[in-house]
Amino acid sequence: MDWNWLTAQNFRAIDRKISRNDYSPAQYEVIRRVIYATGDLDYRHIIAFSRQPLLAGLGALLARTPIVVDSPIIQSALTPLLHHTFGNLVYAFEEIVSPLASQKNNLLVNLIKGYPQAIYIIGQSQRALVSILELTEKSAIFQPSLVIATHSGLVRKEIINSRLSQSFLPHIRIDSAKGGNDVAVAIFQALIDLAWLSEGNYQLTMDNE
């Protein structure tokens, strides 16, 4: 991220309102990025980190693990950044599902065969997240490196999130009706920056406000 004056002032305002002591340094960086992207301080209370997801995500990025997303919006946001850093390929679900086959069955089969250990980013589709959870319960081969689940919604979200929280998957989720693609992108951009810096590189330039 380009730490120009306006960006720095925004982060200083966030830092004055939330305590770093409540989170690990890496968790805090993710949370403040989401707040910066959304302007919503409530996210400090509703982002949940389970089973060391940041460490898992760091390892997957360094291993050049593929990334599967449910939205072309997320794909478009992340692909240029990854191209200039770790080079991980980003696939959208619509590229995986053949229109000639049963959508659900074809998706499950292709995920097992092609992307058993990918990073999965779900910004909007509850159905996609349920499919991932079903696969982890049915297949010993399908073991995603990390799941980021930021889908919004008032119906069934609590049930699905409870199922996710009880799984063995390293994941970051939003425990609220809030969420969306922008939140997913902010979380993963923070993860990329953390991984890039851990490799001894300078901070990334992403904003030109």
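Reader: Are helix 4 and helix 10 roughly parallel or roughly perpendicular to each other?
Author: Let's start with the axes, which are lines fitted to C-alpha atoms, for helices over the stretch in contact, with angles running from 0 to 180 degrees between N-to-C directions. The axes of helix 4 and helix 10 come within 10 Å and cross at roughly 65 degrees. Angles under 35 degrees count as roughly parallel, over 145 as roughly antiparallel, 65 to 115 as roughly perpendicular and the rest as oblique. Helix 4 and helix 10 are therefore roughly perpendicular.

Reader: What kind of model is this?
Author: Residues are numbered from 1 along each chain as its sequence is written, and side-chain values use heavy atoms, leaving out hydrogens and water. Local features need pLDDT of at least 70, side-chain atom pairs count only at pLDDT 80 or more, and totals for chains, interfaces and linings use all residues, since this is a predicted model.

Reader: At what angle do helix 5 and helix 10 pack?
Author: Helices here are DSSP runs (H or I, at least four residues), strands are too (E, at least two), and both are numbered from the N terminus. Helix 5 (residues 72–83) and helix 10 (residues 181–198) have axes 9 Å apart, and their packing angle is about 15 degrees. That makes helix 5 and helix 10 roughly parallel, so the angle to remember is about 15 degrees.

Reader: Is the crossing of helix 1 and helix 2 left-handed or right-handed?
Author: The axes of helix 1 (residues 5–17) and helix 2 (residues 25–38) come within 10 Å and cross at roughly 115 degrees. So helix 1 is roughly perpendicular to helix 2. For handedness, see how the near helix is turned from the far one: anticlockwise by less than a right angle is left-handed, and clockwise is right-handed. The crossing of helix 1 and helix 2 is right-handed.

Reader: Which residue in strand 6 is the bridge partner of A48?
Author: Strand 1 (residues 47–50) and strand 6 run antiparallel and are joined by four bridges. On the A48 bridge, the partner in strand 6 is R173.

Reader: And which residue of strand 6 pairs with V147?
Author: Strand 5 (residues 146–149) pairs with strand 6 in the parallel sense, over three bridges. Strand 5, helix 9 (residues 157–165) and strand 6 also make a right-handed β-α-β unit (with the strands pointing away from the viewer, the path from the first strand over the helix to the second runs clockwise). In strand 6, V147 has as its bridge partner H171.

Reader: How many degrees of arc do the buried residues of helix 4 cover?
Author: In helix 4 (residues 53–62), the buried residues are P53, L54, G57, A60 and L61. The arc is that of the directions from the helix axis to the C-beta atoms. These residues sit on the same side of helix 4 because their arc is only 125 degrees.

How values were computed. Two strands pair if DSSP finds at least two bridges between them. Buried means under 20% relative accessible area, exposed over 50%, partly exposed in between (1.4 Å probe, protein chains only).
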